[in-house]
Amino acid sequence: MQHIPFNNQYVSLGDTFYVKTSPLPVASPSLIKLNDELARELGLSVSNLHAADAAALFSGNSIPEGAEPLAMAYAGHQFGHFNPQLGDGRAILLGEVISPDGERFDLHLKGSGHTVYSRGGDGRAALGPVLREYLVSEAMKKLDVPTTRALAVVTTGEEVVRERLLPGGIITRVASSFVRVGTFQFFAAKGDQEAVQKLADHVIERNYPEASEAKNPYVALLKAVVDRQAALIAQWMHLGFIHGVMNTDNMSIAGETIDYGPCAFMDIYDHDQVFSSIDRDGRYAYSNQPSIGLWNLTRLAESLLPLLAESTEAAVEVARGVLETYIDHYQSEWLAGMQAKCGLFARSEQTNEEDKALIEELLNTMAANHADFTLTFYHLSQLPSQASEQDSDIQAMFESQGELENWLAKWRQRLTKETLIDTERQDKMQAVNPVYIPRNHQIEAAIRAAEDNNDFSVFHELHEVLQNPYVQQQGKARYSLPPEPDEVVQQTFCGT
Ligand code: AMP
Ligand code: MG
């Protein structure tokens with residue numbers, strides 16, 4: 001029976017782009033979670049499968065009809081150092097589907113076994129990181145951030161060797177494309193211009209069809225990727241999200257958040273927060289993400305150079321012109337999002353300048369007072385335009401009150417320019433200031449219960465709460481709270 005209406009295009013690019021590889025069967029797969037909502041969106045009839053059939057499907061033990069499994073080739077700058085040969089070392093592209101809405105998606109297994117690109121790795125994934133990816137990527141979706149999605153997670157019934165033995169897991173991911181900046185670098189570094197162009201044509205047709213109408217479609221492609229990436233990173237910043245491994249192989253060409261490893265949301269606001277254990281110099285710290293975005297896009301522009309103009313000199317000029325738009329685009333996205341978080345909707349060139357200063361003052365006050373990032377904005381979104389008893393909720397986030405009180409007075413002064421009544425303004429603020437985010441200590445608790453006690457109830461409950469991040473849910477207040485001192489997660493690990 002065919003559950004998945006595959007319609008595969010990437011495979012037709014030819015075998016310099018991938019190596020056909022089947023997932024390696026696992027001992028005893030068991031289905032932990034199937035994303036029915038996503039399955040419906042994709043038009044897959046997998047929700048009524050028997051548990052054993054679903055486990056076989058989402059572990060790669062049975063290859064669905066129409067799948068053409070392959071490991072994609074790519075290169076990438078890892079922490080600034082170029083590696084010409086990466087590729088799917090523990091993932092498999094099963095194939096592509098076209099959703100009932102006419103959109104094309106890739107279905108990918110991660111943790112599915114050894115490939116020619118595994119280098120020294122075992123091709124497997126531990127259950128913990130797989131559960132983290134499921135929770136965080138689905139939370140990002142509900143927070144309206146472009147992201148790969150999670151369709152299913154299974155345990156494998158096998159152990160993987162890390163610092164200790166850990167249970168294995170496999171996640172089925174869905175993306176608008178698994179092509180990365182590093183995919184372009186792979187061919188550019190080999191001097192295979194024809195392949196770069198073929199890949200660019202593929203990406204334009206699939207993800208940026210409007211670029212094909214431009215005078216030079218490749219310039220339009222670069223500009224569109226730059227715009228999407230600027231907007232994406234601005235959204236991360238609005239939520240206190242830290243990707244953790246912004247290597248060029250982990251930057252999607254489609255502008256989606258991809259490759260959730262040691263990612264984390266911050267609790268206390270700290271501009272220079274780093275969680276990842278492998279990010280020793282803080283290259284991918286919270287505050288560095290916008291500039292790293294540009295660094296990565298510059299690597300993309302270099303890979304596309306020969307397509308941008310006739311001469312190298314002219315191409316460099318074109319690339320520079322496009323890349324120069326990134327900072328402005330990022331800054332205007334960042335400011336608009338932060339203004340919305342603060343309820344500042346009546347905007348002009350002059351208020352924009354003043355709002356930027358006002359927002360930066362709030363962030364500095366939060367940092368000085370170790371305020372929780374998410375809850376500060378959440379409580380702000382509850383406040384009336386006149387000082388009120390409710391101010392005590394936001395005050396409780398700050399160690400001392402003087403600077404905050406000053407700030408609130410300035411904020412309320414600024415609110416006098418707004419035309420919305422309080423309840424309208426509060427509704428709009430609450431639509432962008434979540435009460436629930438996937439906090440590290442809660443993810444950790446879900447992983448611990450699953451790995452140590454084979455108890456998935458913590459994972460399921462956390463996932464459920466994160467489905468509705470913007471509304472208080474009865475009896476779920478603890479999910480909105482920052483960690484107790486003994487619960488604080490200082491470091492995250494990619495678990496590869
Ligand atoms: P990442 O930083 O997790 O995105 O991975 C970087 C590269 O290492 C990619 O080429 C992965 O496919 C590869 N890789 C990561 N973990 C493993 C593993 N356990 N086995 C084989 N390859 C891996
Ligand atoms: Mg990766």
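Okay, so leaving out neighbours within four places in sequence, Thr21 is in contact with Pro69, Leu70, Ala71, Ile92, His114 and Thr115, where contact means heavy atoms within 4.5 Å. Before I go on: this is a predicted model, with local features needing pLDDT of at least 70 and side-chain atom pairs counting only at pLDDT 80 or more, while totals for chains, interfaces and linings use all residues. Residues are numbered from 1 along each chain as its sequence is written, and side-chain values use heavy atoms, with hydrogens and water left out.

Where does Thr21 lie? In the loop between β1 (18-20) and β2 (30-34); strands here are DSSP E runs of at least two residues, helices H or I runs of at least four, numbered from the N terminus. Thr21 counts as buried because its relative accessibility is 14%, and buried means under 20% relative accessible area with a 1.4 Å probe, protein chains only. Its side chain also reaches the backbone oxygen of Val19 at 2.8 Å.

Now the helices. α14 (residues 440-453) packs on α15 (residues 457-466) at about 150°, axes 7 Å apart; axes are lines fitted to C-alpha atoms over the stretch in contact, and angles run from 0 to 180 degrees between N-to-C directions. So the two are roughly antiparallel, a label for angles over 145 degrees. On the α14 side we have Gln442, Ile443, Ala445, Ala446 and Ala449, meeting Val458, Phe459 and Leu462 in α15.

Last pair: α6 (residues 217-239) and α8 (residues 312-341) pack at about 30°, axes 8 Å apart. That makes them roughly parallel, meaning under 35 degrees.

Conventions. Chains are lettered from A and ligands numbered from 1 in the order in which they are written. Buried means under 20% relative accessible area, exposed over 50%, partly exposed in between (1.4 Å probe, protein chains only). A polar contact is a pair of N or O atoms within 3.5 Å; within protein, one must be able to donate a hydrogen and the other to accept it, and residues adjacent in sequence count only if both atoms are side-chain atoms. Angles under 35 degrees count as roughly parallel, over 145 as roughly antiparallel, 65 to 115 as roughly perpendicular and the rest as oblique.
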